[in-house]
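Hello,

Here is the structure I promised to pass on to you. Please open it next to this email, and my notes on what turned up follow below.

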Amino acid sequence: MNLSTKDWIINIENTASRVANEYGQAVVDSVFHRYNAHSLRDLASCYYDELFADLEQIAND
């Protein structure tokens, strides 16, 4: 299943919010920094799936 850019952004924002609420914004920021980004605005779209997977793994721990 291929997600649209809009779907990826929604999923990443929701998961990032869950991680920030549970572990703090610094954890979310550290995940973005792994992909040389500070936020979704400067994240290359080719990394959406990887970043989402990293955040999802943290959220589900």
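Aspartate 54 and arginine 34 form a salt bridge through their side chains, at 3.5 Å from N to O; the term stands for a side-chain nitrogen of Lys or Arg within 4 Å of a carboxyl oxygen of Asp or Glu. This pair links distant parts of the chain, with aspartate 54 in helix α3 and arginine 34 in helix α2 (residues 25-34), 20 residues apart. Helices here are DSSP runs (H or I, at least four residues), numbered from the N terminus. Aspartate 54 is buried, at a relative accessible area of 18%. For that label, buried is under 20% relative accessible area, exposed is over 50%, and partly exposed is in between, using a 1.4 Å probe and protein chains only.

A word on the source: this is a predicted model, in which local features need pLDDT of at least 70 and side-chain atom pairs count only at pLDDT 80 or more, while totals for chains, interfaces and linings use all residues. Residues are numbered from 1 along each chain as its sequence is written, and side-chain values use heavy atoms, with hydrogens and water left out.

The structure holds two salt bridges. The other pair to look up is glutamate 56 with arginine 18, whose side chains meet at 3.7 Å, N to O.

Next, how do α1 and α2 meet? Their axes come within 6 Å and cross at roughly 135°; axes are lines fitted to C-alpha atoms, for helices over the stretch in contact, and angles run from 0 to 180 degrees between N-to-C directions. That makes α1 oblique to α2, since angles under 35 degrees count as roughly parallel, over 145 as roughly antiparallel, 65 to 115 as roughly perpendicular and the rest as oblique. On the α1 side the contact (heavy atoms within 4.5 Å) involves Ile12, Ala16, Val19, Ala20 and Tyr23, and on the α2 side Gln25, Val27, Val28 and Phe32.

Leaving aside neighbours within four places in sequence, isoleucine 12 is in contact with Phe32, Leu40, Tyr48, Leu51, Phe52 and Leu55.

Threonine 15 sits in α1 and is buried, with a relative accessible area of 3%. Not counting residues up to four places away in sequence, threonine 15 touches Phe52, Leu55, Glu56 and Ala59.

Finally, the loop between α2 and α3 contains asparagine 36, which has a positive phi of about 55° although it is not a glycine. Asparagine 36 is exposed, with a relative accessible area of 72%. Arginine 41 lies in the loop between α2 and α3 and is exposed at 81% relative accessibility.

Best wishes

Technical notes:
Helix = DSSP H or I, 4+ residues; strand = E, 2+ residues; numbered from the N terminus.
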